[in-house]
Amino acid sequence: MEWNPGFPLSIDAKCHRDLPRDIQFDSEKGVDFVLNYSKAMENLFINRFMHMFQSSWNDFADFEKIFVKISNTISERVMNHWQEDLMFGYQFLNGCNPVLIQRCTELPEKLPVTTKMVECSLERKLSLEQEVQQGNIFIVDFKLLDGIDPNRTDPCTLQFLAAPICLLYKNLANKIVPIAIQLNQIPGDENPIFLPSDAKYDWLLAKIWVRSSDFHVHQTITHLLRTHLVSEVFGIAMYRQLPAVHPIFKLLVAHVRFTIAINTKAREQLICEYGLFDKANATGGGGHVQMVQRAMQDLTYASLCFPEAIKARGMDSTEDIPYYFYRDDGLLVWEAIKTFTAEVVGIYYESDQVVDEDQELQDFVKDVYVYGMRGRKASGFPKCIKSRDKLSEYLTVIIFTASAQHAAVNFGQYDWCSWIPNAPPTMRAPPPTAKGVVTIEQIVDTLPDRGRSCWHLGAVWALSQFQENELFLGMYPEEHFIEKPVKEAMARFRKNLQAIVSVIAERNKNKQLPYYYLSPDRIPNSVAI
């Protein structure tokens, strides 16, 4: 069915109990969002603030009342350093949404920033244009949010969105820091470019607007559309077109486990009209739907191929951009999966011709193209697959998206988003239109009220938990394959994954900000939360 116009098609089920029994959750209770959010509120001791909508906090320190300190976690480090430019820049590489930053090859006309404006940030004593030519300038453009309707479900609280453009700089220590922020797309007197040299609270509020915009794109596009909805498309096509004895069914079934169920539950409770999403998010009440409809234009096959996606953003050089752990770990996991799928394909298809003649496989690939990508040629999704090499890449895309990519953008949500000023789910005043007028009181009044803060905190906590009976990458306990060569390939796959776990653990040793979301022992097999 079409849940909303322009969306990838999803399962034709109104609620979880309508699903075929074999794709339902073992226990529906474990994934009841309403229940889980309430449980989160209890665990986080924030029940008393939960219904305090419209009630502002007093100052930044006041947010600590709902902030649970779990010793030595990233979230605590975020709380202590969120105002620093280094922490702000770092999150574009290794935070919850490490997929937007790209190398700036030329300055866009809509951001009329000059060398004079940013001179004090440029450490190499070059002009801004020269820094661009040398590859030291990066950009994050939130144009997707331009013109999206903000949440109007609560008549007592006006909510606001912006569509910022953020320019970043690689300093002499190879760290990424922000150097200019424009809060909307069209330049003009009422849309100033904010700079690190501006008054402290001007610059801080500009960064908070960027962090809030990043949160919206992360939740709705990076997380919902590009892992949840895409994985459901693969899952439905698999169940519809591949018989259970087919080797590709046997390979993929572990990677779509509970995906259709979790998405059905989300449509029933979370992202539906008057759902939980509307409670705290400025893109609730329909803005999130508009965002997905827009983002479908950029949902391409190439953008789901991890190495290609990194390259397309100009972020592939480990020498130039040394601290991009999402890229480094992602490439290791991608290669391990690709090696494994190539082995499995080699076992069952002795030539490209056998791939081409497998009608069930071709029907599966066509189903994804027609129903998931809505037959959009521009998506670049194949309509058929004619070689073993292409088949192993296609299977790698499916498995990587459902496992590694989802883990990278889901399980860090509490770490990075629980300190509300670092990831505000809504803003209660419009973006500033002039410099030199922002006060700390204004910032606190712009940030979410007590009630929305609590709903947000409950959400990011609940979404960051693993399932009780989680199966991690490389685990295939239901023995669908009985052939010895495949079992041997699985054993090699597990060994490769274990080696990656060791590499990541070694790198993280003594790091104050470890990056572990793509460590295979923390990557669930499928999108199930």
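Start with the largest nonpolar core of this predicted model. A nonpolar core is a set of buried Ala, Val, Leu, Ile, Met, Phe, Trp, Tyr and Cys residues joined through side-chain atoms within 4.5 Å; buried means under 20% relative accessible area with a 1.4 Å probe, protein chains only. Of its 154 residues, select Ile 101, Leu 168, Phe 364, Leu 391, Tyr 394 and Trp 416, which touch the most other members. Then show helix α6 (residues 200–241), the source of the largest share, 19 residues. Helices are DSSP runs of H or I, at least four residues, and strands are runs of E, at least two, numbered from the N terminus.

Apart from this core lies another, of 18 residues, including Leu 122 and Tyr 169.

Back to Tyr 394. Its contacts (heavy atoms within 4.5 Å) include Phe 234, Tyr 301 and Phe 364, leaving out residues up to four places away in sequence.

Next, select helix α10 (residues 287–295). Its buried residues include His 288, Met 291 and Val 292. Among what covers them are α6 and α9 (276–280).

Now Asn 263, in helix α8 (residues 259–270). Asn 263 counts as buried because its relative accessibility is 2%. Beyond four places in sequence, Asn 263 touches His 228, Leu 229 and Glu 232.

Finish at the lining of the largest pocket. Val 99, Leu 100, Gln 102, Asp 298 and Arg 313 are the closest to the pocket's centre. α6 and α10 are among the elements that each supply at least two lining residues.

Residues are numbered from 1 along each chain as its sequence is written. Local features need pLDDT of at least 70, side-chain atom pairs count only at pLDDT 80 or more, totals for chains, interfaces and linings use all residues, and side-chain values use heavy atoms, without hydrogens and water.

How values were computed. Buried < 20%, exposed > 50% of the residue type's maximum accessible area, 1.4 Å probe, protein only. 1 Å grid on protein atoms, 1.4 Å probe; cavity = no way out; pocket = protein on both sides within 12 Å on 5 of 7 lines; lining within 4 Å.
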